[in-house]
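Okay everyone, thanks for coming. Let me put the model up on the screen, and then I'll walk you through a few spots in it.

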Amino acid sequence: ELRRRGSRSTRPIYFVAHMDHPAFVVTQLKPSDRVAAEFRGGVRKEYFTNAKVIAHGSNGLTRKGLVSKRLAQQHPDHGCGDQYEIHFKPQAAGVSIGDVITWDLTEPHICGGRLYTAAADNLASVAAALSAFGEISKPSSVNTRDVRVLLTRCEEISFVGAFAAAS
């Protein structure tokens, strides 16, 4: 939690943003071109079938792959905790246990002076919250209210971050 100096209230104003994005974590290396990975987050199961993904190796290398099949199911609706097999071409060399695998989304680009990108909701909300807080916190601001920023995580998994902040 980020809060403005000086002001305290029993009813503060909060700018809230969510910081993480659903992804897979490699749990097992399989023969040559496959890994098993646990999905962390909550999205509809339709998004997994032949989904294009990219592994971000701890060694800095990336590998493109496809989600080939579900190996174990924890939640029938949203995939959180489910194990998936991910197939890489030509091979999974450089991918290690613990590496993160994300959706392989379109590359960001600028067109007509605007930035276009996929899955920037978390980034945009964090930027907006911090920007608003920065403006309100300037010495020249006429606002004297208790203003705070709360950045949460794990919201795809039953609002874990928000519940932790509230308790």
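Let's start with strands β3 and β4. β3 covers residues 23–29 and β4 covers residues 34–40, and the two run antiparallel, joined by six bridges. Keep in mind that this is a predicted model.

Now, β4 has another partner. Which strand is it? That's β7, residues 83–88, which runs antiparallel to β4 and is joined to it by five bridges. Here the pair to look for is alanine 36, standing opposite glutamate 85 in β7.

Okay, on to the rings. How many aromatic pairs does the structure hold? Eight. I'll show you two of them.

In one, phenylalanine 24 meets tryptophan 103, with ring centres 5.4 Å apart. Why do we call that pair edge-to-face? Because the planes are at 80°, and anything over 60 degrees counts as edge-to-face. What I like here is where the partners come from: phenylalanine 24 is in strand β3, and tryptophan 103 is in strand β8, residues 100–103. That puts them 79 residues apart, so the pair links distant parts of the chain. And are they buried or exposed? Both phenylalanine 24 and tryptophan 103 are buried.

Tryptophan 103 also pairs with phenylalanine 39, with their ring centres 5.8 Å apart. The planes are at 45° this time, so this pair is tilted. Again, distant parts of the chain are linked: phenylalanine 39 is in strand β4 and tryptophan 103 in strand β8, 64 residues apart. Phenylalanine 39 is buried, like tryptophan 103.

If you zoom out a bit, ring pairs link a whole cluster: Phe24, Phe39, Phe48, Tyr84 and Trp103.

One last stop, over in strand β11, residues 147–152, where you'll find threonine 152. Is threonine 152 buried or exposed? Its relative accessible area is 6%, so it's buried; the cut-off for that is under 20%. And what is threonine 152 in contact with, leaving aside neighbours within four places in sequence? The list is Ala17, His18, Met19, Gly161 and Ala162.

Note on methods
Residues numbered from 1 in each chain as written. Predicted model: local features only at pLDDT ≥ 70, side-chain atom pairs only at ≥ 80, totals over all residues. Heavy atoms only, no water. Pairing = 2+ DSSP bridges. Helix = DSSP H or I, 4+ residues; strand = E, 2+ residues; numbered from the N terminus. Phe/Tyr/Trp six-rings, centres within 6.5 Å; stacked < 30°, edge-to-face > 60°. Buried < 20%, exposed > 50% of the residue type's maximum accessible area, 1.4 Å probe, protein only. Contact = heavy atoms within 4.5 Å.
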